[in-house]
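Work through the exercises below with the sequence and the model open. Each task is followed by a solution in steps.

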Amino acid sequence: MADDLFNSFMNGPDEKGRFGIFGGRFVSETLMPLILSLEEEYNKAKDDPEFWAQMNDLWKHYVGRPSPLYLAERLTSDLGGAKVYMKRDELNHTGAHKVNNVLGQILLARRMGKTRIIAETGAGQHGVATATVCAKFGLKCVVYMGAHDVQRQAPNVFRMRLLGAEVIPVTSGRGTLKDAMNDALRDWVTNVRDTFYCIGTAAGPHPYPAMVRDFQSIIGKEVRWQLPEQEGEGRLPDTVIAAIGGGSNAMGLFYPFLDDPSVNIIGVEAGGKGVDEKMQHCASLTGGRPGVLHGNRTYLLQDEDGQIQDGFSISAGLDYPGIGPEHAWLHEAGRAKYVSVTDKEALEAFQVCCAAEGIIPALEPSHALAHVMKLAPTLPKDHIIVMNMCGRGDKDIFTVARHLGFDMSDTEGRDLDE
Ligand SMILES: *Cc1c(COP(=O)(O)O)cnc(C)c1O
């Protein structure tokens, strides 16, 4: 079952940080010592029960873990097939899974004596999570954000400032997430002594993809003991599904199940206006090809000349032009399947979830849910699907209102069915 390289899918990456031909460490000589000292500290922390005791305490009392595993009964009965469970990571402090990883990295930074934290952010969710944990520990926080995103995501910019972070608008390139990450890497090289770079997804040079995955794996680990509480001893999900931007919430759900061949694993990319439409999507695996970006080799959206393209999606959290290298590997090894869902389908799933379950989902997990809605009716009633509800939709209601033609400034409101 497993790839030739390893006798278990859970053994990746190798000592050079490679998942097959993906991943690795493509960084300048100036960055290398920083990456190596981070790796050394992470390897120590990983085997230190004291570190995990601290993590578990914060996950429980600050984040609110474990997040519930919830059987979506009305949705299940409406779809008429497989049983649909939602892993409720949208109930975490700050409203998404990002904080799981940020806590781990900030505890590492503290162990390393770093006092200044930098981060990149696109839609602002990772920036908000980082600013939050920095406030809690009294650390200086600097967030790089594309100038274009600063304008589009004003509420999150204000949140970060309230939390005491400095937000630096990035004007290089097109002023989006990719450019913010480049500037953060540049900052790191020039502020070697006191600075820790907290990356928000399972991408970047080794050890970030593996480290972020390990911190997010709490999601899948909880599912492993929560499902048997409801479905009987030893019961594993038959299918696990998650939305993919860079791929951290998906790796968090998938990783603990990689060596259980009975578990189908499905990642859902943002199909935007359709994967056939040139660069009107963010589906790096289904619509991109391998290249090197931000220190690792993976699938990327690029033009004929290898220029990285900005993708497009209704969901700001999914528009990273690459995908974590472990997903590229699982894709090529055939262990996980990757599909895409369009903006239109995600918007529909968003509304179904509100009406059938009383849960306003973020637009990112609405993509995963849209695929669940296609799949569940084709499966028998004893098939169990677990989808990751990785974020709540409060941040997205203005976008959704605009797409549905609902005027938020009209206090009388207007009937959505009109
Ligand atoms: C940031 C974000 C994502 C995308 O990031 P991944 O690393 O792919 O998980 C997805 N959903 C939500 C709610 C997010 O905030």
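A residue counts as buried when its relative accessible area is under 20%, as exposed when that area is over 50%, and as partly exposed in between. The model used here is predicted.

**Exercise 1.** Classify Thr 239 as buried or exposed, and find its side-chain partner.

Solution. Start with the location: Thr 239 lies in strand S9, which covers residues 239-243. The relative accessible area of Thr 239 is 2%. The cut-off for buried is under 20%. Thr 239 is therefore buried. Last, look for the partner: the side chain of Thr 239 makes a polar contact of 2.7 Å with the side chain of His 383.

**Exercise 2.** Describe the surroundings of the ligand, by residue class and by polar distances.

Solution. First list the shell: 14 residues surround the ligand, and the closest are Lys 98, Thr 201, Gly 245, Gly 247 and Ser 248. Next sort the shell by class, which gives two nonpolar, ten polar and two charged residues. Then read the distances to ligand oxygen atoms. A side-chain N or O atom of Asn 249 is 2.8 Å from one, a polar side-chain atom of His 97 is 2.9 Å from one, and a backbone N or O atom of Gly 246 is 3.1 Å from one. Taken alone, the ligand exposes 380 Å², of which the protein buries 96%. Finally, the space that the ligand takes is the largest cavity.

**Exercise 3.** Characterise Pro 207 and the helix H9.

Solution. Pro 207 sits in the loop between strand S8 (195-197) and H9. The peptide bond from His 206 to Pro 207 is cis, with omega near 15°. With a relative accessible area of 3%, Pro 207 is buried. Its C-alpha atom is separated by 36 Å from that of Ile 397, 190 residues apart along the chain. Helix H9 spans residues 208-216, and nine of its nine residues are buried. Among them are Tyr 208, Arg 213 and Asp 214.

**Exercise 4.** Compare the backbone and the exposure of Thr 94 and His 294.

Solution. Thr 94 is in the loop between strand S4 (83-87) and helix H4 (98-111). His 294 is in the loop between strand S11 (289-293) and strand S12 (296-300). Thr 94 has a relative accessible area of 22%, so this residue is partly exposed. His 294 has 6%, so this residue is buried.

Conventions. Residues are numbered from 1 along each chain as its sequence is written. This is a predicted model: local features need pLDDT of at least 70, side-chain atom pairs count only at pLDDT 80 or more; totals for chains, interfaces and linings use all residues. Side-chain values use heavy atoms; hydrogens and water are left out. Buried means under 20% relative accessible area, exposed over 50%, partly exposed in between (1.4 Å probe, protein chains only). Helices (H or I, at least four residues) and strands (E, at least two) are DSSP runs, numbered from the N terminus. A residue is near a molecule or strand if one of its heavy atoms lies within 4 Å of it. A polar contact is a pair of N or O atoms within 3.5 Å; within protein, one must be able to donate a hydrogen and the other to accept it, and residues adjacent in sequence count only if both atoms are side-chain atoms. Accessible areas come from the Shrake-Rupley method with a 1.4 Å probe; for residues, only the protein chains shown count as cover. On a 1 Å grid over the protein atoms alone, a cavity is a set of points where a 1.4 Å probe fits but cannot get out, and a pocket is an open set with protein on both sides within 12 Å along at least five of seven lines; lining residues have an atom within 4 Å of a point. A molecule sits in a cavity or pocket if more than half of its atoms lie within 2 Å of its grid points. Ala, Val, Leu, Ile, Met, Phe, Trp, Tyr, Cys and Pro count as nonpolar, Asp, Glu, Lys and Arg as charged, and the others, Gly among them, as polar.
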